[in-house]
Structures are given as C-alpha cells and as structure tokens.
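Take a look at the sequence and the 3D view, then read on.

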Amino acid sequence: MESLPEEATAAQVWRALGDHGIQKELYRSGAPTGPVPDADRLAALLTAVDARGDNGVTLSMLVQTASALPLLGSGTLAPALAAYRQALAGAASVALAATDAAAAGSDLTALGTEFTVDGDQLTLRGGKRWVTNACTADHLLVLARHRPGRHFTNFTWVLVPAATPGVTLRRADSHLLTASGTGHIDLDDVRLPTDHLVGGPGRAMASFARHMAIERLAGAQWAVALTRRVLAETRRRLAGRSVDGQPLWHHPAVRQDFASCLVQVAQLRALLETTTPQITRDRDLAAAGLLKAAVGQTVDAVLSRCAQLQGADGLARRGAAHIRAEAAVFGLGGGATELMLAQVADRADTVLEELTPCR
C-alpha cells in the first residue's frame, strides 16, 4: 500500500489489497459456516490501514473483512460465489446492509425490509440506513424477512447488485468518515432470481451472530491501533511545545493524564488478548460484548483526553478532536455501548466467577 496516494479512496485501498493477495490470505479454509478471518492477520491488516490516517477507509475495510465477506462466503449458489471471488480479488466491494429504516439499529428482529417469492423470482422491498460502503459497493448483502414475526428463523440474506433497478442509494448527511461510503438504501420492488439468496432461508440471524463476534473483535483490534496512533502523535506534540521554557511533556499533570491514557489502552489490549481465543474459537458473543463495551468506554475516554492535551492543534484536520468525533462509531456500530453493558450486567454472576483468582 506504500505506493498508494495519501488520499487514496477505500476502493483503491481494497483493490491494492486484492492485487497483493491480502484478502485471500486472510481467511482460514474449511470452516463449515463460511470463511473466518485469521485474528493475527486481521489485526495486522487493520493496523496497517489505520496507519494511513483515514478512519473512513479503515471502517470500510473492517466491515468487509470481518463481516461482509465471511457472510457472503457462506453462500453456495452461483451469484454469491462469483461476488465472493470478485471481492477476494479486490475487484468488487460489498456492503453489509443490516440496520433497517423501520427499526432501531439494535432491534434487528423488528426490521421491515422483506421479500416475497413467486416461482424462481423474488421481490425485495424496504430500506436500510447508515450502511458502511452503501454508496461505493458493487454488491449489497441485505438482511430481509421472508415471513412475519420476530422469530430468528424468519430472516434471510439477499445478494443485491447495487445497479439493480429499484435500488436507490443516498449518501449519509455527515462530514465524518466520508471515505467509508456510508449511506442509506431504498429498495423499491427490487426483482431478482431466487439464486440470489445467500446461506439458505432462515439462517441469516444465526450466521450474523457468529460473524458479529468477529466484527467486535476486529473493532477492538482497530481501537488499540487507533488510540496508540493518537497517543503517539499527542506525545510528539507535547514534547515539541513549551511553557516557560519547559516542554509540556515535563509538566506533572500532563504526564499523569497521558500515563492514565496509556494504562487504559494497555488494559484494553490485555482484555483483547484474553478474549480473542474465546471469540475466534467459540464465537463467544458474551466475551465479544464484554470486549466491545470496554472499547466504547476506552476509546472515548482516551481520545477526549488527547484532544484536550493537543489544545487548538486537536481541532485541525485529522486532529484528536476530529478523530474523537469519528470514533463515536466504536460506541454505536455493531451494538451501542449501553446495550453491551446491559448484556454484561445480565451475566454479572458469570463474569464475577470468571474473575475468581486461579488456585
């Protein structure tokens, strides 16, 4: 990626990764529920992309590699197989369209996007909002219901080519994470052959839950890389600015604040390392929820303090204040921090038991 221009788009980065075979090397083979990214390779990829400094590009890469491609790779019919091969080669990108226009983001079983089947054709109606890659993807992987009710077996993935008649894409009205292509999707009588169903009717929620654990792991990997990068930049700025002839870095209060941030990131990394085997081996959603709750709290606290320590410099383009605003996605996407904390509270006895010292 070194040859890419500084302002490379997400599509250009995705293509470069494909040209170097990065996507193909990322996934372990033989998983019965679809390809699973190797945790170490995924961390290295997200760290390298984050180093470029465009959080929108990193978000685009994360959602595709941790969720969209693994879910797409679980398909066995020709359209899904072809789209998956294109994505692995970097020749096409995929948007994961789960968050519904008709329901709160975390209440997926209340979604209004639905499809009906008539012979070998399906008709898809509804809408999705705040979808990463929506405005730049070649393929949309849409979560839709095939029958009424909230039961988890009532939902199926549909692969929708973005250029299909009836698909309308609207860029989200935000100045944050612009390179992520985040937008809203309207689906107005979109007609497709039934071979565009992915993973079999009724299996969407179960597959989504399995891969959501990996996406939360990937979010923690990115969080560590991002906070480390901002802390390093903050340290550099503190060493280069002086008050009364002394670098700010030597001010005791500044050093304590900075050290507190280091401790929080070190704690997050320790939790990440502890929970990674549970998440990658067992798809442990409880461990993933605990990790994501820690991410939401740590990222906001650390970046808030870095923004204060950077002073007016933090208001610059890609300064700590701007990064903190973009990093709000850590506390929202894939499950709000408050929802994760509620799940942790539900498991309080189990978590306390896990904290018992080894004897």
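## Cysteines

How many disulfides does the structure hold? The count is zero, where a disulfide is a pair of cysteine sulfur atoms within 2.5 Å. Cys 261 is in no disulfide, and its nearest cysteine sulfur, in Cys 306, sits 4.9 Å away. That's too far for a bond.

Cys 261 counts as buried because its relative accessibility is 1%. Cys 306 is buried too, at 0%. (Buried means under 20% relative accessible area, with a 1.4 Å probe and protein chains only.)

## Where this comes from

This is a predicted model, so local features need pLDDT of at least 70 and side-chain atom pairs pLDDT 80 or more, while totals for chains, interfaces and linings use all residues. Residues are numbered from 1 along each chain as its sequence is written, and side-chain values use heavy atoms, leaving out hydrogens and water.

## Helix H8

Helix H8 covers residues 285–310; helices here are DSSP runs (H or I, at least four residues), numbered from the N terminus. With 26 residues at 1.5 Å a residue, H8 should span 38 Å, and its end C-alpha atoms are 37 Å apart, which agrees. The expected span is 1.5 Å times one less than the number of residues.

At the start of H8, a side-chain oxygen of Asp 284 comes within 3.0 Å of the backbone nitrogen of Ala 286. After H8 comes Gly 311, with a positive phi near 65°.

Methods: Helix = DSSP H or I, 4+ residues; strand = E, 2+ residues; numbered from the N terminus. Polar contact = N/O pair within 3.5 Å; in protein donor to acceptor, adjacent residues only side chain to side chain. Buried < 20%, exposed > 50% of the residue type's maximum accessible area, 1.4 Å probe, protein only.
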